[in-house]
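Have a look at the sequence and the model, then read on.

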Amino acid sequence: MERNILISVYGTLRKNCGNHRIIENADYKGTYTTEPIYNLYSLCGFPGLKEKGKTAVVMEVYAVNKEEARRVDGLEGYTPGEQATFYDKIQIETPWGQAGVYTYVRQPNESSLIKSGDWINRFEKVEDLTTI
C-alpha cells in the first residue's frame, strides 16, 4: 500500500513513545520545530496542541498509507466529516509538504502548558528569558 499521506505528530506517536507502534512501519521524513504559533499542553498521559499560541512545537513527520492514517484517526478519536469533540485535524506546512496534525478542541488548563514545546522533554526546566 502506497504511503503518500503526510502526518505531523508531536506526542505519543513520536519515536520511543507509547503509541509509536501504530506508525512504526511508516516512512519517517524528519523532525522539525514549528514557528511559535501553537501552544502544547499536557493532558496527563498525552498532549494537546492549540493554534494561535506562542510556542514553537517539536514535531515528527511521517508518510503513512490509508490504513495507517485510519488507525491514527481512530487513536485520536477523529472521524472525518463529523464534529470534533476532542481532536480536530488540520493541514499545516512542514519542510516535507502539507501534513495533517491533530489539534485539541477543548479549553486546556493554562498551568499545563509545556513551555519547551517538546512532549518528550516536557519535564526539563525551560529558562524564562523574559525575566533576565
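Let's start with Lys-89 and Asp-73, which form a salt bridge with their closest N and O atoms 3.0 Å apart. Keep in mind that this is a predicted model. Lys-89 belongs to strand 6 and Asp-73 to helix 1, so the bridge ties together parts that lie 16 residues apart in sequence.

Lys-89 comes out at 25% relative accessibility, which makes it partly exposed, while Asp-73 is buried at 9%.

## The other bridges

How many salt bridges does the count come to? The answer is six. One of them pairs Glu-68 with Arg-3, and here the closest N and O atoms are 2.9 Å apart. This pair links distant parts of the chain, with Glu-68 in helix 1 and Arg-3 in the segment before strand 1 (5–9), 65 residues apart. Glu-68 has a relative accessibility of 4% and so counts as buried; Arg-3, at 28%, counts as partly exposed.

Another bridge joins Asp-118 and Arg-14, with 2.8 Å between the closest N and O atoms. Asp-118 sits in the segment after strand 7 and Arg-14 in the loop between strand 1 and strand 2 (27–33), so parts 104 residues apart in sequence are tied together. Are these two partners buried or exposed? Both Asp-118 and Arg-14 are buried. Salt bridges with shared partners also bring in Glu-60, giving one network of Arg-14, Glu-60 and Asp-118.

## Aromatic pairs

Now for the rings. Searching the whole structure turns up seven aromatic pairs. One of them is Tyr-78 with Tyr-102: the ring centres are 6.1 Å apart and the planes meet at 75 degrees, so this is an edge-to-face pair. It links distant parts of the chain, since Tyr-78 is in the loop between helix 1 (66–75) and strand 6 (87–94), whereas Tyr-102 is in strand 7, 24 residues apart. Tyr-78 counts as buried at 14% relative accessibility, and Tyr-102 is buried at 3%.

Tyr-87 and Tyr-104 make another edge-to-face pair, with centres 6.1 Å apart and planes at 65 degrees. Tyr-87 is in strand 6 and Tyr-104 in strand 7, 17 residues apart, and this pair too links distant parts of the chain. Tyr-87 is buried, with a relative accessible area of 5%, and Tyr-104 counts as buried at 11%. Both tyrosines belong to a cluster that ring pairs build from Phe-46, Phe-86, Tyr-87 and Tyr-104.

## Charges over rings

The charged end of Lys-15 lies over the ring of Tyr-28, 3.5 Å from its centre. Arg-122 is placed over the face of Trp-119, at 3.6 Å from the ring centre.

Last stop: Thr-103, in strand 7 (residues 97–104). Its relative accessible area is 6%, below the 20% cut-off, so Thr-103 is buried. Which residues does Thr-103 touch, not counting those up to four places away in sequence? They are Leu-49, Glu-51, Phe-86, Tyr-87, Asp-88 and Ile-90. Among them, Phe-86 and Tyr-87 are also members of the ring cluster described above.

How values were computed: Residues are numbered from 1 along each chain as its sequence is written. This is a predicted model: local features need pLDDT of at least 70, side-chain atom pairs count only at pLDDT 80 or more; totals for chains, interfaces and linings use all residues. Side-chain values use heavy atoms; hydrogens and water are left out. Helices (H or I, at least four residues) and strands (E, at least two) are DSSP runs, numbered from the N terminus. Buried means under 20% relative accessible area, exposed over 50%, partly exposed in between (1.4 Å probe, protein chains only). Contact means heavy atoms within 4.5 Å. Rings of Phe, Tyr and Trp (its six-membered ring) pair if their centres lie within 6.5 Å; planes under 30 degrees apart count as stacked, over 60 as edge-to-face and the rest as tilted. A charge sits over a ring if NZ of Lys or CZ of Arg is within 6 Å of the ring centre and within 35 degrees of the ring normal. A salt bridge is a side-chain nitrogen of Lys or Arg within 4 Å of a carboxyl oxygen of Asp or Glu.
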